[in-house]
Amino acid sequence: MSVLEPLGRPEPWPAPGKLNLFLHVVGRRADGYHLLQTAFQFIDLCDECRFWLRPSGVIERLSDLPEVPPEADLCVRAARLLATRASGAPGVAIDVRKRLPMQGGVGGGSSDAATVLVALNELWGLRLPDDELAALGLTLGADIPVFVHGRAAWAEGVGERLTPVDFPERAWLLVRPDARVGTAEIFKAPELTRDSPAITIPGFLQAGGRNDCEPVVRRRFPAVAEALDWLGRFGPARLTGTGSCVYAEMPDEAQAREALGRLPERWTGYVVRGLNRSPLLARRQLERDDGPGTGR
């Protein structure tokens with residue numbers, strides 16, 4: 001196989017994970033989508049995306065993800081969607097180095113897709129505004145807009161109505177138990193609370209919130225319940241998204257690493273820090289410093 005030429009600068013484009021600092025289901029639309037209130041904060045654990053030059057019209061995936069067919073991959077779908085706005089742009093091969101756990105509630109697939117949109121918007125010289133990119137992303141997944149905008153945020157609607165908020169950038173111990181949780185299964189569960197009272201940003205900052213999905217996931221996935229109980233010995237443990245990852249605040253990184261050393265071997269743990277600004281924004285600026293349309 002011939003050596004591939006990078007599209008743009010060779011440095012990888014980060015796709016950070018996220019935590020839901022709380023998640024309330026406050027209603028349901030007529031089309032079945034749930035109405036949410038949540039707070040998104042990024043973490044410094046990231047996937048890495050690289051882009052390689054291919055002939056015009058070619059969009060392909062280099063990453064080996066046996067569980068995700070290329071046609072279903074959000075990265076490929078995002079690139080093809082953006083290509084409809086990029087007449088004459090070169091083709092692209094997308095390579096994603098996965099670090100974020102899949103089906104873990106940390107937004108890996110959505111973040112990867114957002115990074116593809118943001119990166120190719122620069123590399124193809126389109127310079128579409130973030131609001132337009134976010135609207136494109138929303139057609140693929142409700143979590144994609146927050147990753148496109150790159151700011152920690154209070155979210156409402158199906159997760160697309162965003163208000164930037166700076167939350168404390170804490171150290172967290174993130175644990176992935178030996179389970180994978182499908183989002184659709186949890187939101188279809190008849191026992192899911194769907195009528196939580198709406199709260200305000202000041203109310204959350206003062207009193208906090210909960211994750212309405214957690215009781216459902218606890219009952220249906222014993223491994224997640226066990227991980228929540230284990231992590232709860234170090235501090236209040238929470239589920240992010242629909243899971244399966246759980247997390248707890250730590251006093252500092254050193255104590256987080258000490259707790260990580262006690263983690264049962266069958267689970268995977270990460271010491272992470274919350275971020276109010278996505279590292280994707282800094283990588284975009286690096287590309288812009290080279291001038292517009294450098295990938296052409």
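How accessible is Q103, buried, exposed or partly exposed? At 41% relative accessibility, Q103 is partly exposed, where buried means under 20% relative accessible area, exposed means over 50% and partly exposed is in between (1.4 Å probe, protein chains only).

## Ground rules

This is a predicted model, so local features need pLDDT of at least 70 and side-chain atom pairs count only at pLDDT 80 or more, while totals for chains, interfaces and linings use all residues. Residues are numbered from 1 along each chain as its sequence is written, and side-chain values use heavy atoms, with hydrogens and water left out.

Helices (H or I, at least four residues) and strands (E, at least two) are DSSP runs, numbered from the N terminus.

Q103 lies in the loop between β4 and α2. R127 is another non-glycine with a positive phi, about 55 degrees, and R127 is found in the loop between α2 and α3. With a relative accessible area of 36%, R127 is partly exposed.

There's also a cis peptide bond, from G243 to S244, with omega near 20 degrees. S244 belongs to the loop between β8 (237-239) and β9 (246-250).

## Strand pairing

Two strands pair if DSSP finds at least two bridges between them. Strand β10 (residues 268-275) pairs with β2 (residues 34-54) in the antiparallel sense over 2 bridges, and F42 stands opposite L275 in β10. Strand β10 also pairs with β7 (residues 171-176), again antiparallel, over 6 bridges. Here L174 stands opposite Y270.

A155 stands opposite L162 in β6. The hairpin has 3 residues between the strands, and G159 takes a positive phi near 115 degrees.

Helix α1 (residues 74-83) has L74, C75, V76, A78, A79 and L82 as its buried residues. Those buried residues pack against β3 (59-61), β4 (91-97), α2 (108-123) and α3 (130-138).

## Two nonpolar cores

A nonpolar core is a set of buried Ala, Val, Leu, Ile, Met, Phe, Trp, Tyr and Cys residues joined through side-chain atoms within 4.5 Å. The largest one has 42 residues, and F51, L82, L120 and W124 touch the most other members. The elements that give two or more residues to this core are β1 (13-28), β2, α1, β4, α2, α3, α4 (144-149) and β5. Helix α2 supplies the largest share, 8 residues.

What does L120 contact, leaving aside neighbours within four places in sequence? Counting contact as heavy atoms within 4.5 Å, L120 meets L7, F51, A79, L82, V92 and G125. A second, separate core has 30 residues, including L173, A223, L231 and W267.

## A buried glutamate

E214 lies in helix α7 (residues 214-220) and is buried, with a relative accessible area of 17%. Residues up to four places away in sequence aside, E214 touches L228, A237, R238 and L239.
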